[in-house]
Amino acid sequence: MASDVPMSPELEQIDGEIHDIFRALQNGFQKMDKIKDSNRQAKQLEDLTGKMKECKRLIKEFDRILKDDESNNPPEINKQLNDRKQFMIKELNSYVTLRKTYQSSLGNNNKRVELFDMGAGSSEPAAEDNIQMASEMTNQQLMDAGRNQMDQTDQAIERSKMVVAQTVETGTQTAAALTQQTEQMKRIGNELDSVHFSLKKASQLVKEIGRQVATDKCIMALLVLIVIGVIAVIVVKIVNPHNKSIPDIPGLAPPAQNYQINNRRLLWAEAFRGL
């Protein structure tokens, strides 16, 4: 499959080499059906396996260069290059599956114990190839290898159990913390309601006090005006006692007039005595 994705010259060269390997693998597996001798089939399968290993190495190199140039490429170009890489991985996986099919059909004499696999959709091929002929291994080695795999599996299971236990514990702690925070929020809400009610009552009280103060001020102003008016009348009456337009204030007669009346009474009394 030719690629129309724009890429650097280095990536383009690697892509071309991978494409050539895929074409060689396709032709090689087509020849497998025409080969009748099992030994020749095994030899052909070994050659194809070597090509697949080389292809996997090139995909690793492609991925490394892609990550180095990722910051310099637009997001759309990076997406296309990643899609191209995923296509190559899936294509190689299909040939790995096909190789296993032919390998199983060759019989136990040419059977291999091989750790050469890449998960479908995986962004990283396997880190290491470990291919060993089963016929070269003793029974003890096979048993040791099996025990080793079982130990690794048990360790993985134990790690998974620990992770699950930690996750459950973390979830329990999180739930307890959320419950405490919920109760605290409720208490804060109740306190805010109390504060709001107190502020409302205080506002009403301030308004009532303001109205009372305004009423008291009006009364005081009226009293001050009355006192000022009385004082003004008294002053005018004292200064101008003959002003008839101002009525006399009960109990407050002009001093000069009272003195004249008393003098007149004394004169009349002396006159009558002389007669």
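Helices here are DSSP runs of H or I at least four residues long, numbered from the N terminus.

First, the model as a whole. This is a predicted model. The protein chain has an average pLDDT of 76, and 73% of the residues score at least 70.

The protein chain contains 5 helices and 2 strands. Along the sequence they come in the pattern α-α-α-β-β-α-α. Of the 275 residues, 19% count as buried. The accessible surface comes to about 20,400 Å², and carbon and sulfur atoms account for 58% of that. As for contacts between residues at least 6 apart in sequence, 62% of them join residues at least 24 apart.

Helix α1 covers residues 9-32, which is 24 residues. At 1.5 Å a residue it should span 34 Å, and its end C-alpha atoms are 35 Å apart, so the two figures agree.

Which residues of α1 are buried? They are Leu-11, Ile-14, Asp-15, Ile-18, Ile-21, Phe-22, Leu-25, Gly-28, Phe-29 and Met-32. An α-helix has 3.6 residues a turn, so residues three or four places apart point the same way. And what do the buried residues of α1 pack against? Their partners are α2, residues 38-68, and α3, residues 75-105.

Leaving aside neighbours within four places in sequence, Phe-22 is in contact with Cys-55, Met-88, Glu-91, Leu-92 and Tyr-95.

Gln-41 has a relative accessibility of 17%, and because the cut-off for buried is under 20%, Gln-41 counts as buried. Not counting residues up to four places away in sequence, Gln-41 touches Met-32, Ile-35, Lys-36 and Leu-106. The other residue is Lys-56, also placed in helix α2. Is Lys-56 buried or exposed? Lys-56 is buried, with a relative accessible area of 3%. Its C-alpha atom is separated by 8.1 Å from that of Ile-89, and these residues are 33 apart along the chain.

Between α1 and α2 there is a loop, and Asp-37 is found in that loop. At 36% relative accessibility, Asp-37 counts as partly exposed. The C-alpha atoms of Asp-37 and Leu-106 are separated by 9.9 Å, while the residues are 69 apart along the chain. Leu-106 is also one of the residues that Gln-41 touches.

Last, a part of the chain with an annotation. Where does UniProt place the feature "transmembrane region"? The record, an unreviewed entry, puts this feature at residues 219-239. In the model, the chain over residues 219-239 is 100% helix and 0% strand. The end C-alpha atoms of that segment are 30 Å apart.

Methods: Residues are numbered from 1 along each chain as its sequence is written. This is a predicted model: local features need pLDDT of at least 70, side-chain atom pairs count only at pLDDT 80 or more; totals for chains, interfaces and linings use all residues. Side-chain values use heavy atoms; hydrogens and water are left out. UniProt positions are given in the numbering used here, feature names are shortened, and annotations may be inferred rather than shown by experiment. pLDDT is the predictor's confidence in each residue, from 0 to 100. The expected span of a helix is 1.5 Å times one less than its number of residues. Buried means under 20% relative accessible area, exposed over 50%, partly exposed in between (1.4 Å probe, protein chains only). Contact means heavy atoms within 4.5 Å. Accessible areas come from the Shrake-Rupley method with a 1.4 Å probe; for residues, only the protein chains shown count as cover.
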